[in-house]
Amino acid sequence: MIKQAQYNLSLTRNELKQLAQMKDWTGKQWENKSKDEFIISIKTKIRRQLEDVQKTCCYCGLKLRGTSKGDIDHIAAKARFRHPEFTFTLKNLALACGWSNTSEKKGTKETIAKKNKVYSKCEFLLVHPYFDNPVDHYEWTDSDIEILIQVKNNSSKASFSIKMFGLDTTEMSELRAAQVSYEKKKLEQTLSVNDEDLVKRTMEYKQP
Ligand SMILES: [Zn+2]
């Protein structure tokens with residue numbers, strides 16, 4: 001299932017100071033075109049920290065591994081016409097699978113309903129990986145074959161995220177069930193040779 005990110009990324013005071021001094025945000029600072037060593041070191045540091053604590057995609061909840069190592073996604077897009085000033089805002093960064101991150105799904109689409117200069121005070125359109133607890137927004141049905149997702153309490157954020165990330169597609173519902181089955185069997189130590197297919201589906205799910 002989808003989990004709330006309950007960890008804090010950290011940078012040194014000096015690093016934060018240096019970032020705060022950067023101006024003329026275009027979103028391109030993130031891309032390594034300038035080969036800026038400072039930026040490269042910050043990105044490496046953030047990536048390592050995220051890989052340590054985050055094992056599943058922040059949007060769809062599928063495991064990050066194998067064919068889907070995950071990319072650092074800007075929850076509010078960093079593109080020039082979106083919110084480049086949040087390019088290095090730590091709560092704006094989380095790992096997303098290649099599936100959720102494609103241009104057909106999230107891409108550079110708008111995710112802020114009402115902007116504030118302070119990131120945490122923005123109103124978001126989607127279920128925010130850090131600020132929202134998915135259990136307050138989604139409901140799941142229980143089945144071995146497929147786990148369906150539904151909007152809880154008329155959550156508009158849930159409707160938005162389900163639509164944006166295709167969380168209610170058959171493929172996603174089946175992968176979710178496979179992942180839960182796999183975890184359960186692993187915990188009970190009942191995985192057997194008959195589960196080869198299940199293991200394969202969970203570990204190496206293909207992104208369409
Ligand atoms: Zn995903």
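Mentor: Start with Glu85: its side chain forms a salt bridge with Lys115, with the closest N and O atoms 2.5 Å apart. A salt bridge here is a side-chain nitrogen of Lys or Arg within 4 Å of a carboxyl oxygen of Asp or Glu.

Trainee: Which parts of the chain does that pair link?

Mentor: Distant ones. Glu85 is in the loop between E1 and E2, Lys115 in the loop between E3 and strand E4 (123-124), 30 residues apart. Helices (H or I, at least four residues) and strands (E, at least two) are DSSP runs, numbered from the N terminus.

Trainee: What should I keep in mind about the model and its numbering?

Mentor: This is a predicted model, where local features need pLDDT of at least 70 and side-chain atom pairs count only at pLDDT 80 or more, while totals for chains, interfaces and linings use all residues. Residues are numbered from 1 along each chain as its sequence is written, and side-chain values use heavy atoms, with hydrogens and water left out.

Trainee: How many salt bridges does the structure hold?

Mentor: It holds 8. One of them joins the side chains of Arg82 and Glu110, at 3.9 Å, N to O. That pair also links distant parts of the chain, 28 residues apart. Arg82 sits in the loop between E1 and strand E2 (93-96), and Glu110 in the loop between E2 and strand E3 (112-114).

Trainee: And how accessible are Arg82 and Glu110?

Mentor: Both are partly exposed. Arg82 has 24% relative accessibility, and Glu110 has 26%.

Trainee: What about Lys185 and Asp195?

Mentor: Their side chains meet in a salt bridge at 3.0 Å, N to O. Lys185 lies in helix H4 and Asp195 in the loop between H4 and helix H5 (196-203), so the pair ties together parts that are 10 residues apart in sequence. Asp195 is buried, at 8% relative accessible area. Lys185 counts as partly exposed, at 28%.

Trainee: Then which backbone oxygens does the Arg176 side chain reach?

Mentor: Two to note. The backbone oxygen of Ile147 is reached at 2.6 Å. The backbone oxygen of Leu167 lies 2.4 Å from a polar atom of the Arg176 side chain. A polar contact is a pair of N or O atoms within 3.5 Å; within protein, one must be able to donate a hydrogen and the other to accept it, and residues adjacent in sequence count only if both atoms are side-chain atoms.

Trainee: New topic. What is the volume of the largest pocket?

Mentor: About 400 Å³. On a 1 Å grid over the protein atoms alone, a cavity is a set of points where a 1.4 Å probe fits but cannot get out, and a pocket is an open set with protein on both sides within 12 Å along at least five of seven lines; lining residues have an atom within 4 Å of a point. Grid points are joined across faces, edges and corners, and a volume is the space filled by probe spheres set on the points.

Trainee: Which residues lie nearest the centre of that pocket?

Mentor: Trp30, Ile72, Asp73, His74 and Lys78, out of 21 lining residues. E1 gives the most to the lining, with 4 residues. By class, the lining divides into 4 nonpolar, 8 polar and 9 charged. Ala, Val, Leu, Ile, Met, Phe, Trp, Tyr, Cys and Pro count as nonpolar, Asp, Glu, Lys and Arg as charged, and the others, Gly among them, as polar.

Trainee: How many cavities turn up?

Mentor: A search of the whole structure finds 1 of 30 Å³ or more.

Technical notes:
Buried < 20%, exposed > 50% of the residue type's maximum accessible area, 1.4 Å probe, protein only.
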